[in-house]
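Please examine the following protein model.

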Amino acid sequence: MGNYLTSTISAEEHDQHVHVRPARRLTNEKGRPIVRLEDLPEDVLHTILSKLPAREVVRSSVLSSEWRSVWTTCIKLSFNGPDVCSGRDGAKSEQGTQVFIDRVDTVLQRHRGRAVDQFEIKFIFESKLADHLDNWIRFAMTAHTKNLAFDLAPPSNFLKHGDHYRFPFELLDREGASCLQRLQLCFVSFRPPPAQFVGFPNLRKLALHVLNTTNQDLDNILGSCCKLEWLSIVRCHLKDELKVTRPLSHLRYLRVMHCDITKIDFHAAELSTFVYKGSFIPVSLRHASKLEKAKIWFYDTTFQQAITSLLDGLPDVRNLTLQFSFQRLENRWVLNSPHMFSQLRHVQILLIATDEDADKILYLVSFLRAAPFIEKLEVHFLCLPTLWFANCGPLRQQIPANEYKYVNLKNVRVTGFRGARGQVEFLMHVVENAPAIQGVTVDTTQRLTDAYDPDEATPTLDRAALDMVRGPVLKGLPSHAKLSLI
């Protein structure tokens, strides 16, 4: 979220309520009309004010009598500690904290009784701030705020003295909570809400970062968000399952990153995007039949174990990006799962190949056998120098016979190519079993991050490695297919 105080209204409201002040016909020495800021429509003035920090917006009231109350009609309020406390070592000192509190209170006092669509607080949390944060929550409820953000940062001495801000569910009345559509909370703790808590019936977007809570309390809160469409959970250390018992029937986006959890279990039939980064855990999104895109980054697991788990938890994903850190390859041709990725069309595998994996690269075909309908395959290797022309591992002729071919596969791309036997045999196996292949790209550049930033890497040519596959690949390709060696 940025620092802004703007007004946004619909076209219908604009026609009914916005009145342009007639410009005063002042002219300059050349006879051209002079238009001053106060001659602009109010919604344009609010847009101008939106580009300024909150502190400067308040100071605009001294420009003229006509500007004295303009800023109090803005319906978006954002308070960023460094902006509000500029000139006082930011928000680090005790004096800076008090300055921040006083300035926020001053602005909110002028907005009493007015609607505020967006209200954002960004500051370093300390215990003396808790009561004021509670008061600002009360203000948000009475102002019928739609977008609320408490972006709190841990103090520098958090591990020794600190604690999270306890989010006061008891201060959320039915009317105010029903107005909330977006909620962002950082460095807060959830405790069991009171019995009269009605939940967030109209909340669409929820971001929870550095959250301190339990699985049961989080389950209760998320279960009360019946219209939730977008959910991000970062650095939430439950040390338990992240499980939501009730179906989230409107959820379309789910991101979970750097959390100490043992499993992810959601019932989200409309989910279209899933992002996960962290230690290997089981993921269960079996009801997500419309899952369009999944980006998974697992730490410390075997390749085959991860694929088997995803087969059980994400069977309907269509586009999969799979990255590993500290992974291990196993010498297994077949996965321990009866399932297949029946909807999978585009696959990106980002793999760090170590010396221990040099003789196991060909076993990547265990994944392809579970994804018979893929159309586009990318494998990005990050290899140690010792993998150049590594002459170890099985040949493709040792792969157990399989009646299935990759009949829909049209495009193959391999980067980080080092001429290792496993890479060559894997590439040849794919080409020979893809009758509809249209294009093959072999790149010696290590583009491990290419899936996220295609223009980041600069190609480096190594002719010896590419010459190894030029003739065999061309021989195996259909006449209409294109081979690109980079």
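The questions and answers below treat the terms one by one.

This is a predicted model, in which local features need pLDDT of at least 70 and side-chain atom pairs count only at pLDDT 80 or more, while totals for chains, interfaces and linings use all residues. Residues are numbered from 1 along each chain as its sequence is written, and side-chain values use heavy atoms, with hydrogens and water left out.

Q: What makes up the secondary structure of the protein?
A: The protein has 13 helices and 22 strands. Helices (H or I, at least four residues) and strands (E, at least two) are DSSP runs, numbered from the N terminus.

Q: Why is T273 called buried?
A: Buried means under 20% relative accessible area, exposed means over 50%, and partly exposed lies in between (1.4 Å probe, protein chains only). T273 has a relative accessible area of 19%, so T273 is buried. T273 belongs to strand β14 (residues 273-279). Across the protein, buried residues make up 50% of the 486 residues.

Q: Which residues is T273 in contact with, leaving aside neighbours within four places in sequence?
A: T273 is in contact with R252, Y253, L254, L291 and K293. Contact means heavy atoms within 4.5 Å.

Q: Why is N411 called partly exposed?
A: The relative accessible area of N411 is 34%, and therefore N411 is partly exposed. N411 is in strand β20 (residues 411-415).

Q: How far apart are N411 and E375 in sequence and in space?
A: They are 36 residues apart in sequence and 6.6 Å apart in space, C-alpha to C-alpha. E375 is also among the residues that N411 touches, together with K376, L377, I437 and G439, not counting residues up to four places away in sequence.

Q: How many aromatic pairs are there, and by what rule?
A: Rings of Phe, Tyr and Trp (its six-membered ring) pair if their centres lie within 6.5 Å; planes under 30 degrees apart count as stacked, over 60 as edge-to-face and the rest as tilted. By this rule the count comes to 21 aromatic pairs.

Q: Why is the pair of F169 and F190 called edge-to-face?
A: The ring centres of F169 and F190 are 5.1 Å apart and the planes stand at 65°, so the pair is edge-to-face. F169 is in the loop between β6 (165-166) and α8 (174-179), and F190 is in the loop between β8 (188-189) and β9 (205-209), 21 residues apart. Both F169 and F190 are buried.

Q: What makes the pair of F341 and F367 tilted?
A: For F341 and F367 the distance is 6.0 Å centre to centre and the angle between the planes is 50°, which gives a tilted pair. F341 lies in the loop between β17 (319-325) and β18 (346-353) and F367 lies in helix α11 (residues 365-368), so the pair ties together parts that are 26 residues apart in sequence. F341 is buried, with a relative accessible area of 1%, and F367 is buried, also with a relative accessible area of 1%.

Q: How do you know that the charge of K205 sits over the ring of W230?
A: A charge sits over a ring if NZ of Lys or CZ of Arg is within 6 Å of the ring centre and within 35 degrees of the ring normal. The charged end of K205 sits over the ring of W230, 4.4 Å from its centre. K277 lies over the face of W297, at 3.9 Å from the ring centre.
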